Every structure is written in C-alpha cells, then in structure tokens.
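Please look over the structure shown here with its sequence alongside.

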Amino acid sequence: MDAASTRIGARHYAGIFVLSCATLAYQIIITRFFSVVLYYHFAFAAISFAMLGLTRGALKVYRRPERFARERVASEFAWHATGFAVTSVAAMLLFLWLPLIVPPFWVGLASISSTLLFIVPFTASGVCITLLLTRLPRIGGWLYAADLSGAAIGCLGVIAALMLVDPVSATLWLAAFSAGAGAFMVRGAGDRRAMAASLGMALVLAAAASVHTGLAASGGNHIGVLWAKGAPQTETLFERWNTYSRVRVTPYQGSGPFGWGFSRPSDVKVDQKYLDIDADAATVITGFDGNVSRLSYLGNDVINAAYLLQPAHDVAVVGVGGGRDILSAMYFGAKNITGIEINPAIFEVLTGKFADFSGHLDRQPGVKLVNAEARSYLNQSPARYDLVQISLIDTWAATAAGGLTLTENRLYTVEAWRDFYRTLRPGGVLSVSRWFEPATHREEFYRLLSIAAAALEGAGVPANELDRHIVALNVGNIVTVITRPGALSDGEWQAAKSRFAAQGFTVLVGPGIHYDDVASTIVAGKADAGYYDSLPFNVTPSTDDNPFFFYSEWLGDVITGHNGGRGAAGSAITVTLLLVAVGFLACVGYVGIPLVRLARRVPLRTLLPPVGYFGAIGMAFMLIEISQMQRLMVLLGHPVYGLAVVLFTLLLFSGLGSATVGKAPPGIAGVSARLAGLLIALLAAGWLTLALGDWARGQATDMRIVVSVALLAPPAFFMGMMFPMGLGAWRQQEDLLPFFWSTNGVVSTFASVLGILLSIELGIALTYTVGACFYIVCAFILLRRVAATDTASVGTAAPASGLSEVALARFRAIAGKA
C-alpha cells in the first residue's frame, strides 16, 4: 500500500465521525436497557464498562504495533467497525434474554458480570478510534474534532431516535451504519475481503433494522425485554420507550382500589390498570365514567391530607402519573386543576391510548394537563394556587443522561420549595408525600422537615415560629409533610386536627405536637450544620448544589459497612463505590504497574509527563462534564436537556476548539495563550453559573438554554484543544501514543464514577473546582514540555524521547502483562 493510501482524507473524517456517533448513542441506549432490566444505578455501571472497553481497544492497538501498522489502518478499521456492529447487537440480545434470576446475595455480582458483555463491542470501537487518532501521519486537530462532533451528534440524535423507534431497532440501525462506515473506509484500499464483510453485514443489519422497526411500530411481535428485575415481562397492554424511561401498562391484579396510605379499607369496585416505569416505580390508571361520588375512597389516603387542612380551589399536581391525584382534586371539589407531567410517554397514555378508559381527564371541566417539567412550568406560569401537591415522585429510572448522574431530584431542594412557595396564594400550602417506616426508614421524613425549615426561613419565617407552618401526617408507610408560608392560627389548627383524627390520620408534627428529638430540633429551628453532622444519617437540607435527596447515608458508613447500603439509594452508593474501586484498580493495572516496572530501565522523567498529562485531561474533562451536567440539569429542568444541551454543547464546542490546533503544535506563546483562555473561561463559567442561577430559573426555557450554552461553550472550546496539543507535543513518541490514549481513557473511566461521589460528598460546585484544578496540572506539564522543546530546537521538531527500540519493546511486553 503506498503512502497516498494513508493520507488523511474524507473517508477518515467520515469513519471516525460515524463510529463516534454510534458509540455514544449505543452507550446511551444501554443505560436505558440497564435501568429497566436491572436498576437505575447500573446505568452508570454500563457507561463505566463501556469506557473501559474503549480503553482496552486503545491498549490492543498499542500492544500489537505490527498488526495495527499505518498501512493497515483502513483494513483493521473495517474489520473492527464490523466487529462493533455484530457484537453490539449480540450483547444486547444476550442481555435482554438472560433472566438473571439468582439468590439475592449474588445479584450484585451477577448484574455486574452481565455488563461485561458490553466491553466487547466497545473494545472494537476503541480500536477504530485509536487507529485514526494515533496511526495516521500528522493528524492535527481536525480528526479529533470529527471524533467529538460525531459524539455530539450521537447524543443529540439518540434523543430523536428513541422518540421514534424502540431501542432494539435503534441498536440495529446503529450497527448497520457502523458496518457501512467500515466499508466506506476500506473502499479502494485493496482489501476485498474486508470490503465484502463490512458491506454485506451493513446490508443484513439494515434489512433486519427495517423489518424490526416496522414490527415494533405496527404492534407486531418483535424483540423486547423478556425479563426485568428478575420477573418475566408478560401481559403487556402498552409499551413506550423514550429517553426518560420505559413506560408499560398491564392489567391490575389487585382486588380493591389502589392506594398509598389508606386509613381504612374500602370495598368499592374500581376498574384499574397498572402503569410501571422501568419495571419498578408504579401507579394506576383508574377507570372513570364521570361519577365523582365513586371516588370516595381517595379521601382515606393520607397523601390527600392537605384537603382536610383547608379547602383548595386551585390545585397544581406535580407528576400526573396515572391521573390519581387529578381525580383526588376533582373529588375534593377543586375548580381549577393543573396536572404537570414531565414524561411524554405517560402523557400519551392519559391523553391517547387509554384516554377513553381514564375518562379523558384532559377534557374534564377545569382540568388542564401539561407535558412539562413542573418546576420550570410553575416558575413561568402567572397562575397562583391554593395547593401544590407532590406525591411520591421518584421513578428510580436512569434518564438518558443517567450514565453520568445519579437520581438528583430538583423537586426536593430548598430552592425548589422556595419556587413553589412563590406560586401559592396567601394561605396556600405545599404538600409532599414520601416513604416512611418508623423502625427502619425515617430519613426521608427528616430530610423533608429540614428542607421545609430552610425554605420557610428563607421565605421570612422566624425560626422560633416554624412549628406553626409545618404539619406532618402518617398512615402505614407513608408520611405527608404540609408546609404553609403563612402561619396556622389556633382556630385553623384545632379544626384541622379534628378532621385528621376523624379520618384516622396520625399527626406526627404540628403546632404543639412533636414526633421525636430529631424532628423537634429541626422544626424548632435549632438544627445547624453541627447538629446535622452529629446524626448517624445525612438529612441536611438538599440544595440545587447538592440535590441528592435520596442519599441519606454518610459515605464513610457505606465504605465501612456500618449501617450502610440500605434500600435503592444505599445500593446505588455501594455500586458506585465498587465501580470507583474497579476504576482505581484499572488505573493501577493498566498504567501504574507497567510504569513502575519500566522505571528499572527507563527514567520515569521520560514517561511521567505525558502519562500524567493525558491522565489529568481525562480526570479534568469528566469532572467538569459531570458537574456541569448535574448543575445545569437542575437549571434547565428536563433531564433530557442533560444531553440535548449540556453534553451536546460540551462535545460540539470541544470539537471546534480541537479544529483550531494545526498539524504542528503551537509554540510557547500560542500554548500559553490557549491555556490562559481555558483557565479564564473555566473560572468565569464556574462563577457565572452560580451567580445566574436564581435569575435564570425564572426565565423562559429558550432563554435558559441560551444561558446554558453561553456558560458551556467558552470553556468547552478551550478544553477541546488540550488533547490535540498533547498529541503534537509528544508526537515524537509515536509508538507510545496509543498508550497515552488508553491512559486518558482508563482515567476517564475512574473519573466518571468518582465525580458522582464527589458531587454527593462535596457538592457540585466543589467537584467542578477539582476538575478545574486538574486542568491547572495539565497546563503546568504542557508548558514545561513545549518550553523544553523550543529550547532544544527552535523551528524544528522536538528531539526524540530517548527511548530505544529495546526499551519500547520492553515497555510493550510489560504493558501486555498488566
């Protein structure tokens, strides 16, 4: 093969663009599979193992330089792109069809083992991307820009794809395009076998994707989830996937009315259907014929206790679900009811597929259903309400951005409650219901009280008067906390207390009533930071900077196993810690051990700067990405904006920044200017994100998107320059470039889960600061390298690294053993 065949051309840009696009889209799709089949916290486990697979691909290129030589780039790309296509489909099918029914003790091991299926396709993808970024001559920044741009389009395109087709069909289409990219790459390269294999597989997969898409759209038999969380998925009446969740409707198996906290049983016969989200969180769709009197059983549910505190004519229901809270408002005589539902699939259930069954709630007098994120909608709406009701809003579903976040919930923060208070009429109330078990699970109750106390004090309520603004009631395993910015008079409270007693609700907190020492201390306004730190659980008020309402266990207790790992949230933290340990061991095995052994023959000063630089880039980029995604998802509202705005903007503008780096690395002045721009942009973005938060929350969605892009674009532009500048600075160590790339990947894997823990433990702002500090480390290393290069040879290439061929061979042998 002549030199011209390795010259960078359109096929190289197209190939890396398509593979990066397919790789990121596939990562996002498997987070949805993992959230449904396993649990939401395994979604970011899937992402971590995907990143580990990409790293293994880079190491594969490094360890076998003869096979992956420059003249074989096109052929190997074609074979591995086709391998990615085939194994991505195979891994998906095996994952969907395996029941994963094992004893509870082994479920974590079985679940994590199942994720290993996905390392194989990502290894193949990692080979393709590494080949193009490290084996072609003088790549400059444009090829890396194509890589990042492809990833950006992938994260945006998957949103539209999952709105139109099911994830299995989307996976088949991605596989077809990936194999097609391999055929396009090898065209004219002289490898007919690779050409025939890639083109043939692309056609087969495209045909399979077309057939499956048609079957799924028409409701015919098609490939789907056979098992979810250890249970068979049968009797499905309706199923819809999107970037939020999988919504499924099945027949309701219960004999009586569905309820959360009934104070007395009811023998009313009600036709109901079961609606679940990611085979976990659930509610019911109630058959309704317009006869409100048949809904009397709803008065016995403690989640509706606010209607007994005082009448409510104008009501906002946050999280419509199957419409049960809408029916409650109708039963209690509300005249104007606004139901706000974020998930378009659930909205479709109520207004489309099951609208006749549920009585067309959207057409009932005074009822308005809105497909929107509640906090953003209420901030924009001029309407004022007597009651804002939030009943058990938690889906435990990973959104499409769930691979990089936990379940931070922007409804349960001090700032959110202040927003809700602003939507209330004088005397209006906010009602929030959560899970509660006196003997084993009080943490959510305490945290609701701590949020209420902080929010009310922020609204001007004196600390010593908080007990006249907070009421908590309990039935069974449900607690409802009702807060009112306006104080309850003695007459109002006595009348309400009588109604609660008559209904069979237990009053836990109210004027003159205290549940226990913790609740009393919080409601008395005496719980400061020192008091919260002294408790055996973490119930400090969650904020927009630390919106992790569900994570009430101290990290140290989870690490030591003391009183840790309980429930879904505790399990999520345990899995995250396990992934941090796996990521750390991967860093030791793939980077640390080979370097220590090689130090016996080659000075570490030769290897540590580039390894430290590319590792620090991986750590910095991921910490900045995760913290900004978490913070701006709170600002933007819709979880899907974590992809459509945050991740897309970061990747796109990083690609544009990369494109500004020429084939030859800039000199000391150019590097200094770019690094200064990066640090200034990071500092400005961090400060402005906090400073503009309160103002931006009150703006329209389009303005909040503009603000978010303006905050993200400048630092992302400069962040994108760092990798190609590093490639240029250490270009003379060409044989080690795949190793540097793999170092970047394995550290990114570690950082992707470390960033989640840092956000929970330190807050989002401090996690961002840690990421910025790693970029300072990068700047220091790069400036030293460029300065040394300029000093050694002005206007010429940097001197060789000093590594002999024997030393390089020795390094490859050591790395191969790790």
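Two strands count as paired if DSSP finds at least two bridges between them, and the elements themselves are DSSP runs numbered from the N terminus, with helices being H or I of at least four residues and strands E of at least two. This is a predicted model, in which local features need pLDDT of at least 70 and side-chain atom pairs count only at pLDDT 80 or more, while totals for chains, interfaces and linings use all residues. Residues are numbered from 1 along each chain as its sequence is written, and side-chain values use heavy atoms, with hydrogens and water left out.

**Strand β12 and its partners**

- In the hairpin of β12 and β13, two residues lie between the strands, and G476 takes a positive phi near 60 degrees.
- Strand β12 (residues 470-475) pairs with β13 (residues 478-483) in the antiparallel sense over six bridges, and it is also joined to β14 (residues 506-509) by three bridges, again antiparallel.
- N474 stands opposite V479 in β13 and has T506 as its bridge partner in β14, where V507 is the bridge partner of L473.

- The open sheet has eight strands in the order β9-β8-β7-β10-β11-β13-β12-β14, with mixed pairing.
- At its edges stand β9 (367-371) and β14, each with a single partner strand, so one side of each is left without a neighbour in the sheet.

**Helix α5**

- Helix α5 (residues 119-134) has 16 residues and reaches 21 Å from its first C-alpha to its last, close to the 22 Å expected, a span taken as 1.5 Å times one less than the number of residues.
- Because 15 of its 16 residues are buried, α5 is largely enclosed by the rest of the structure.

**Cavities**

- A cavity is a set of points, on a 1 Å grid over the protein atoms alone, where a 1.4 Å probe fits but cannot get out, and its lining residues have an atom within 4 Å of a point.
- The lining of the second largest cavity includes S48, F49, L579 and V753, and α19 (567-598) supplies its largest share, four residues.

How values were computed
Buried means under 20% relative accessible area, exposed over 50%, partly exposed in between (1.4 Å probe, protein chains only). On a 1 Å grid over the protein atoms alone, a cavity is a set of points where a 1.4 Å probe fits but cannot get out, and a pocket is an open set with protein on both sides within 12 Å along at least five of seven lines; lining residues have an atom within 4 Å of a point.
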